[in-house]
Amino acid sequence: MSDQQNIKEIIKQEYIKCAQDPVYFMKKYYWIQHPQRGRIQFNLYPFQEGVLHQFKKNKYSIVNKSRQLGISTLVSAYSLWLMLFNKDKNILCIATKQETAKNMVTKVKFAYDNLPSWLQLKAIENNKLSLKLANGSQIKAIGATGDAGRSEAVSLLLLDEAAFIEGIDEIFASAQQTLATGGQCIAISTPYGTGNWFHRTFIGGEEGKNGFISIKLPWTVHPERTQRWRDEQDAILGPRNAAQECDCDFSTSGDSVIEPDILNWYIQTYQADPVTKGGFDGNLWRWEYPDYSKTYMVVADVARGDGKDYSACHIIDIAEAKQVAEYKGQVGTRDYGHMLVALATEYNEALLVIENANIGWDTVQTVVERGYKNLYYSSKSDTNNITMDNFLSRNENNLVPGFSNTQKTRPLVISKLEAYMRDRACTIQSRRLLEELRTFVWKNGKAQATDGYNDDLVMAFGIGLFLRDTALRFSQMGVDLTRASLGGIGKVNYLPSSTGIYSPGGPTTSNPWQMDMGNGSTEDISWLI
């Protein structure tokens, strides 16, 4: 075999290896411009090879990444590989502005220009914003506009710094119609707050709800990054920005009601998978079954049940301020009332608190019709303030069933929730609730869910904590006064709780309301209370 034939055979084998294995192609033939080292070969790190495998394997990929991980370079290399070894691949890169999107094309063009001649295909279009090859494959950069990608037959849609693209919901909706025929989408970004398309899509991918594969790449995946480097980022960027840029932390860049470090502490300390997921729809999560020595409250928020929002409730161990069960689902208002009665009954005839605004009245009325005796009542004359007089009064005509969440009580509920969590004084075990808290932000001076999210679990839990420190405390004051009036009759075994709520009970008896008769016997006097 002649030398020329040998060379042709070597080139043929090399070409086949490159076409079959993008990692081989990138490591051997893809050249990059490194900001410090100049022109170098793209020697992929193991984590980059793993990400590339996900790109090839999945139709839709979304990458929440730390800064300076070379993911944009990886995407550009994958793009050029597709163009060289496939006909008619149309790759569209969209970024916040055209200049940013052009950076991706620039990376591809530099690598293309440095390919060996036998790998290069003739370029029939080569400018700052696009590169088109003779086999019909091309890459093009455009800025973010509402109709970006609408008329394109896109093979691969690249969304660069996707968290920062305004109007990306409309852009993706337009482009997705062409992707439905078999195209791919890769969205990459550092996080930028919660509630935007990037955050929603990434979380949806983690939960398996939208077809995206979610890839999280914090700074620790890079083999050359050390804790010293990370500490320097805190000094350079500030802790909040460093958490966003390095740790892939969504919550650090938004105006969240609960500070991100507090939420992270709760996730690390208390978040746990439920012991069971039950109920008619599998959305009743339990961490603890009823303990008949404890007192509970069930706090509920009511939705329409028409598929647009969710009904939610918590079962809270009152003494410990601990979430022991939770429901979030779509259920009819009357069916929800029956469900709440069943839950409250199961958890030791728990105090049942139902927000009575709007559609909530139907659920409240269902509970009233069932005759559930431990239903929470608000003052009819002043639903905006909970006072001691309301709970000492026995005038039922002055009370209305349910909790009234008004313009005056809502800030108090939120303030109580924030105080409890700041002091780490309550226990939250639910991932669903903690996710809602991440998207619970200040907007125009009002604490509310980010657009496209819910705060049903947040408000129900906040109401529970608020009542724990107001209604239940005032109610116990009434018990204390009644108990004090019995002081001349005999001794009452009674033990105050260290939590601020008085818990009946004694160290020597299972019945907390007993009078010492002085002759070695006791008498139950709970009927007097």
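# Exercises on a predicted chain

Ser137 has its place in the loop between strand 6 (130-133) and strand 7 (138-143); strands (E, at least two residues) and helices (H or I, at least four) are DSSP runs, numbered from the N terminus. The model is predicted: local features need pLDDT of at least 70, side-chain atom pairs count only at pLDDT 80 or more, and totals for chains, interfaces and linings use all residues. Residues are numbered from 1 along each chain as its sequence is written, and side-chain values use heavy atoms, with hydrogens and water left out.

## Exercise 1: Ser137

Classify Ser137 as buried or exposed, and state which backbone atoms its side chain reaches.

*Solution.*

Step 1. Ser137 has 0% relative accessibility, so it counts as buried (under 20% relative accessible area; exposed is over 50%, partly exposed in between; 1.4 Å probe, protein chains only).

Step 2. Look for polar contacts (N or O atoms within 3.5 Å; within protein, one must be able to donate a hydrogen and the other to accept it, and residues adjacent in sequence count only if both atoms are side-chain atoms). A polar atom of the Ser137 side chain lies 2.6 Å from the backbone oxygen of Asn86. The side chain of Ser137 also reaches the backbone nitrogen of Asp88, at 3.2 Å.

Step 3. List the contacts (heavy atoms within 4.5 Å). Apart from neighbours within four places in sequence, Ser137 touches Met83, Asn86, Lys87, Asp88, Lys89, Leu131 and Lys132.

## Exercise 2: Glu288

Determine where Glu288 lies and which residues are in contact with it, leaving aside neighbours within four places in sequence.

*Solution.*

Step 1. The loop between strand 12 (284-286) and strand 13 (296-301) holds Glu288.

Step 2. With those neighbours set aside, the contacts of Glu288 are Lys294, Lys322, Val324 and Tyr347.

Step 3. Compare sequence and space for one further pair. Glu288 and Gln323 are 35 residues apart in sequence, and their C-alpha atoms are 8.8 Å apart.

## Exercise 3: Aromatic pairs

How many aromatic pairs does a search of the whole structure find? Then work through two of the pairs.

*Solution.*

Step 1. The search finds 25 aromatic pairs (rings of Phe, Tyr and Trp, the last by its six-membered ring, with centres within 6.5 Å; planes under 30 degrees apart are stacked, over 60 edge-to-face, the rest tilted).

Step 2. Tyr29 and Trp118 have ring centres 5.4 Å apart and planes at 85°, so this pair is edge-to-face. The pair joins distant parts of the chain, 89 residues apart: Tyr29 is in helix 2 (residues 22-29) and Trp118 is in the loop between helix 5 (98-113) and strand 5 (123-126).

Step 3. Tyr29, at 11% relative accessibility, counts as buried, whereas Trp118, at 27%, counts as partly exposed.

Step 4. For Tyr376 and Phe403 the centres are 6.3 Å apart and the planes at 40°, so the pair is tilted. Tyr376 lies in the loop between helix 12 (360-370) and strand 17 (377-379), and Phe403, 27 residues apart from it, in the loop between strand 18 (399-401) and helix 14 (409-422). Both Tyr376 and Phe403 are buried.

Step 5. One aromatic cluster is formed by Tyr15, Phe25, Tyr30, Phe42, Phe55, Tyr78, Trp81 and Phe85.

## Exercise 4: Charges over rings

Which rings have the charged end of Arg424 or Lys328 over them?

*Solution.*

Step 1. Apply the criterion: NZ of Lys or CZ of Arg within 6 Å of the ring centre and within 35 degrees of the ring normal.

Step 2. Arg424 sits over the ring of Trp265, its charged end 5.2 Å from the centre. Lys328 lies over the face of Tyr310, 5.2 Å from the ring centre.

## Exercise 5: Helices 2 and 15

State which residues of helix 15 are buried, and do likewise for helix 2.

*Solution.*

Step 1. In helix 15 (residues 431-438), 6 of the 8 residues are buried, so the helix is largely enclosed by the rest of the structure. They are Arg432, Leu433, Leu434, Glu436, Leu437 and Arg438.

Step 2. At the start of helix 15, a side-chain oxygen of Ser430 comes to within 3.1 Å of the backbone nitrogen of Arg432.

Step 3. The buried residues in helix 2 include Pro22, Val23, Phe25, Met26 and Tyr29. Asp21 caps the N-terminal end of helix 2, with a side-chain oxygen 3.0 Å from the backbone nitrogen of Val23.

## Exercise 6: Cysteines

How many disulfides does the structure hold?

*Solution.*

Step 1. The count is 0 (a disulfide is a pair of cysteine sulfur atoms within 2.5 Å).

Step 2. For Cys248, the nearest cysteine sulfur is that of Cys246, 8.9 Å away.

Step 3. Cys248 counts as buried at 3% relative accessibility, and Cys426 counts as buried at 0%.
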